[in-house]
Amino acid sequence: MFIRRDDQGRIIAISQACDAQFTEPMTDQAREVMDFLSNAMQQPSGITTEQTHFQALKHSDTDLIRVIEDLVDILNERGVIRFTDLPQEARSKLMNRKSLRSKANELSNLLDDEDDSLNI
């Protein structure tokens, strides 16, 4: 997630993609982001505060899932736990997400390579 700020440094927009307008990664601005999302003036018509909070929670869940995946990898690499110590269902889910992320990275790299060839 990336954010865009106004001249006063306030968050005015959030995007999943990094581009010329959204260059600042969203890191420790959780309170600031929640304030932005709660601001009724910034909400598209028809979206309630409850829906906005639910969407923010959903994005937070996605970020937390990635943290947990990284934590399992680190603990495994350091020998604190063994991957086989995890329940079979947890191992299957982690392996599935790792596979999906790998495929997404491959596609992203492929698209980046195609973009580079167009610029030559």
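I take two strands to pair if DSSP finds at least two bridges between them. Helices (H or I, at least four residues) and strands (E, at least two) are DSSP runs, numbered from the N terminus.

This is a predicted model, where local features need pLDDT of at least 70, side-chain atom pairs count only at pLDDT 80 or more, and totals for chains, interfaces and linings use all residues. Residues are numbered from 1 along each chain as its sequence is written, and side-chain values use heavy atoms, with hydrogens and water left out.

**Entry: the sheet**

I looked up the sheet and found it open, with 3 strands in the order S2-S1-S3 and antiparallel pairing. Strand S2 (11–15) and strand S3 (24–25) are at the edges; each has a single partner strand, so one side of each lacks a neighbour in the sheet. I then checked S1 against S2: they run antiparallel and are joined by 4 bridges. Phe2 has Ser15 in S2 as its bridge partner.

**Entry: Arg4**

Next I picked Arg4, which sits in strand S1 (residues 2–5). With neighbours within four places in sequence set aside, I find Arg4 in contact (heavy atoms within 4.5 Å) with Arg10, Ile11, Ile12, Ala13, Gln21 and Phe22. From Arg4 to Gln21 I count 17 residues in sequence and 6.3 Å in space, C-alpha to C-alpha.

My rule works on a 1 Å grid over the protein atoms alone: a cavity is a set of points where a 1.4 Å probe fits but cannot get out, a pocket is an open set with protein on both sides within 12 Å along at least five of seven lines, and lining residues have an atom within 4 Å of a point. Grid points are joined across faces, edges and corners, and a volume is the space filled by probe spheres set on the points.

I get 1 cavity of 30 Å³ or more. The largest cavity holds about 50 Å³, and its lining is Glu69, Val72, Asp73, Phe83, Leu94, Met95, Lys98 and Arg101. Helix H2 (49–77) and helix H3 (88–119) are the elements giving two or more residues to that lining, and H3 has the largest share with 4 residues.

The second largest pocket has about 160 Å³. I list Met1, Phe2, Gln16, His59, Thr62 and Asp63 as its lining, to which H2 gives the most, 3 residues.
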